[in-house]
Each structure stands twice: as C-alpha cells, then as structure tokens.
Amino acid sequence: MSSDEFTAQELRDLFRKCCGFVKRNGYPNMEKIEYLYRCKPQDYWDDIRYFNNNLMETYIKDDNGHSENLINGEIDGLFFSGRLCGSNLKLPNSSPFGNIRMDIKSYLILNPNKHNFYFADFYCNKKLHYVTIVVCVNNSDADDYCQDNLIKLNKFANPFIKAEQIDGRRHNFYINNDIWVEIFYTEDINLNGKEFTRIRATGKGSSNFDGVPNNKRCKICNL
Ligand SMILES: [Zn+2]
C-alpha cells in the first residue's frame, strides 16, 4: 500500500465530514427506493449480450474521487445509483453515462442478510457532492479487503443507504437524496430478466467514464 493513501484516521475524519454534510439541514433526507440503476451506452449492453453470455462482470475501479481513496485499483465492482429525480422522485430519463438505463430490484444488491456496506470516499466536482459506498457479499475476498481497510456501516442505521426490516425476509430500502450516493457492487451480475429503458444521453456517453475527479479546493470534503 502506498503512502499517498488515506490512513485509517484520515478516512475516519472524512467519514465524519461526510456525516456532518448530510445532516447539515437537520435530519438526513432519506427516500424509499424500489430499484437501483446503471446507465450505459447501447454498445456496452450489446457487448455483454453478444460476447459475454449476458454476464456483466466487475472491473477495477478507475480514478474518480480522492486519489488517496483506498479502493482505486484495489477491488473490482460495478457502479449503481439509486438517486431519484425531479419533484415527483422518478428514475432518471437522462444520463451523462449513456442512453440505456438498466434497473435492478434494490434487494438483489442491498439485501442485508447477504451483504455488508462500507464507506469508501466523499468528494465533489464543482456542483455535486458524492459518497462512495461499497457493497460486498459477506465473507467474499472484497468483503475481507473492505473489512480491513474501509469503514463498515450499520446496514439499518446510516445516513446514506439503509435497509429497514419488514419481516424475517423482506426489507424496505432508503437512499439519501441530498447527496449523490454511488454504490460500488463487487459481484458480477447476470442481465437475464433485468429491465432496460431507453433514455436521453446528455454527455459523450462514454462507457469508460464512471465518475468525476475530485475538486481539491472544496473545504467541505477535503481534510
Ligand atoms: Zn466538496
């Protein structure tokens, strides 16, 4: 591990800053979500269908966020969002990341009986603040890595993304809609039975750009 990564203490300080940010207006603004989603260009999905047996495979995280964060280049995953848009809180009908939105039931990625949640990063570009949450299957290699290096969240009580138990098996899920919660899921996902919606691509629709670089001048999210 190189010396330009966050120390455990620095990560804790960043976590504290992030918790302060999401509670800046009082109680965190949590919205119920049925789905998580991932927006990519048509070509990205076609490649998976035609050449990879419909299996969307994890890949190494690129260099978005703080360059000091402890997951860049260390663990593989896939980014998802749960953020709801507009005053009626709908799934987005446009994205800078591509023209096809894949929706996946929240419990497949967030089921707390099967997964652990970790805080990995808090950063911004000039407009929005992001929090990176890693979700791992219990006792997987990625889970071991995160257990040793990141901050483990209480799955039922945290101000970013959380589960609420309905009964022994069923849960509701909630996401903070005042910060952009990026979910980095560390398992491959089969696309069979998933829902796809055509949306408007607002950016270059590149498939290799998953996030944004960190604004180092912001006092809110830098140590
Ligand atoms: Zn910031």
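## Basis

The model is predicted: local features need pLDDT of at least 70, side-chain atom pairs count only at pLDDT 80 or more, and totals for chains, interfaces and linings use all residues. Residues are numbered from 1 along each chain as its sequence is written, and side-chain values use heavy atoms, with hydrogens and water left out.

## Zinc site

The zinc ion has these protein donors: Cys124 (SG), His129 (NE2), Cys218 (SG) and Cys221 (SG). They lie 2.1 to 2.4 Å from the ion. Donors are N, O and S atoms within 2.8 Å of the metal (3.2 Å for Na, K and Ca); water is not among the atoms, so sites may look incomplete. The four donor atoms subtend angles of 104 to 114 degrees around the zinc ion, so the arrangement is tetrahedral. Four donors count as tetrahedral if all angles lie between 85 and 135 degrees. The ideal angle for four tetrahedral donors is 109.5 degrees.

Along the chain, the donors of the zinc ion follow the spacing C-x4-H-x88-C-x2-C. His129 lies in strand β9 (residues 129-137) and Cys218 in the segment after β16 (200-201), so this pair ties together parts that are 89 residues apart in sequence. Helices (H or I, at least four residues) and strands (E, at least two) are DSSP runs, numbered from the N terminus. His129 counts as buried at 11% relative accessibility. Cys218 counts as buried at 13%. Buried means under 20% relative accessible area, exposed over 50%, and partly exposed in between (1.4 Å probe, protein chains only).

## Sheet β1-β12-β11

Three strands form an open sheet in the order β1-β12-β11, with antiparallel pairing. The edge strands are β1 (30-33) and β11 (161-165), each pairing on one side only. Neighbouring strands of this sheet are turned by 35 degrees against each other on average, direction ignored. Axes are lines fitted to C-alpha atoms, for helices over the stretch in contact, and angles run from 0 to 180 degrees between N-to-C directions.

β11 and β12 (residues 171-176) run antiparallel and are joined by five bridges. Two strands pair if DSSP finds at least two bridges between them. Ile161 stands opposite Ile175 in β12.

## Second largest pocket

The second largest pocket holds about 270 Å³ of space. On a 1 Å grid over the protein atoms alone, a pocket is an open set of points where a 1.4 Å probe fits, with protein on both sides within 12 Å along at least five of seven lines. Grid points are joined across faces, edges and corners, and a volume is the space filled by probe spheres set on the points.

The lining has 13 residues, and those nearest the pocket centre are Tyr107, Arg170, His171, Asn172 and Phe173. Lining residues have an atom within 4 Å of a point. β1, α3 (106-110) and β12 each give two or more residues to this lining. β12 gives the most, with three.

## Loop residues

Asn53 and Asn54 lie in the loop between α2 (42-51) and β3 (55-56). Asn53 is not a glycine, yet has a positive phi of about 55 degrees. Phi of Asn54 is also positive, near 70 degrees. Asn53 counts as exposed at 72% relative accessibility, whereas Asn54 is buried at 14%.

Ile199 is found in the loop between β15 (195-198) and β16. Ile199 counts as buried at 9% relative accessibility. Its C-alpha atom is separated by 10.0 Å from that of Lys40, 159 residues apart along the chain.

Terms used
Four donors count as tetrahedral if all angles lie between 85 and 135 degrees; four count as square planar and six as octahedral if opposite donors are over 155 degrees apart and all others between 65 and 115; anything else is irregular.
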